[in-house]
Amino acid sequence: MGRRAGQRVLPGAGVVPCRGRGRQRIRRKAGLVTDVTEQVLAAAGLADGDAWRVWVLIHEQPEGTWGAGGSVVKFKELAALAQGQRDNA
């Protein structure tokens with residue numbers, strides 16, 4: 001399906017945050033979706049009415065399926081690393 005001459009094309013965005021499976025309740029997921037959508041809209045200079053163009057898909061990963069540096073990284077280790085960065089900020 002092509003674009004017609006003079007037709008305005010609005011940008012869209014897809015965001016895929018990943019988390020450990022079972023670690024978030026629905027309320028926290030809803031908050032994540034809202035926060036990510038607001039950040040994408042602001043970064044792209046879009047209005048709130050364009051929020052439907054931002055799709056946030058949350059992929060929950062089972063424990064032991066994350067890896068970095070050639071090793072499996074456990075959720076507990078990842079959380080400790082993130083907390084350490086937060087403490088040092």
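Modeller: Let us start with Ala51, which lies in the loop between helix 1 and strand 3. Helices (H or I, at least four residues) and strands (E, at least two) are DSSP runs, numbered from the N terminus. This is a predicted model, in which local features need pLDDT of at least 70 and side-chain atom pairs count only at pLDDT 80 or more, while totals for chains, interfaces and linings use all residues. Residues are numbered from 1 along each chain as its sequence is written, and side-chain values use heavy atoms, with hydrogens and water left out.

Biologist: Is Ala51 buried or exposed, or partly exposed?

Modeller: Buried means under 20% relative accessible area, exposed over 50%, and partly exposed in between (1.4 Å probe, protein chains only). With a relative accessible area of 26%, Ala51 is partly exposed.

Biologist: Which residues is Ala51 in contact with, leaving aside its neighbours within four places in sequence?

Modeller: Contact means heavy atoms within 4.5 Å. On that basis, and with those neighbours left aside, Ala51 is in contact with Thr37 and Leu41. The C-alpha atoms of Leu41 and Ala51 are separated by 6.9 Å, the two residues being 10 apart along the chain. For Val40, 11 residues from Ala51 along the chain, the C-alpha separation is 8.8 Å.

Biologist: Where does Leu41 lie, and which residues does Leu41 contact beyond four places in sequence?

Modeller: Leu41 lies in helix 1 and, at 6% relative accessibility, counts as buried. Beyond its neighbours within four places, Leu41 is in contact with Leu46, Ala47, Asp48, Asp50, Ala51 and Val54.

Biologist: Which residues make up the largest nonpolar core?

Modeller: A nonpolar core is a set of buried Ala, Val, Leu, Ile, Met, Phe, Trp, Tyr and Cys residues joined through side-chain atoms within 4.5 Å. The largest one here consists of six residues: Val36, Val40, Leu41, Leu46, Val54 and Val56. Helix 1 (26-44) and strand 3 (54-56) each supply at least two residues of this core, and helix 1 gives the most, with three.

Biologist: How many salt bridges does a search of the whole structure find?

Modeller: Side chains of opposite charge can pair when their charged atoms come close. The criterion for a salt bridge is a side-chain nitrogen of Lys or Arg within 4 Å of a carboxyl oxygen of Asp or Glu. The search finds one: Arg53 pairs with Asp50, the closest N and O atoms being 4.0 Å apart. Asp50 counts as buried, at 14% relative accessibility.

Biologist: Finally, in what order do the elements of the protein run?

Modeller: The protein has two helices and six strands, running β-β-α-β-β-β-β-α from the N terminus on. Of its 89 residues, 16% are buried.
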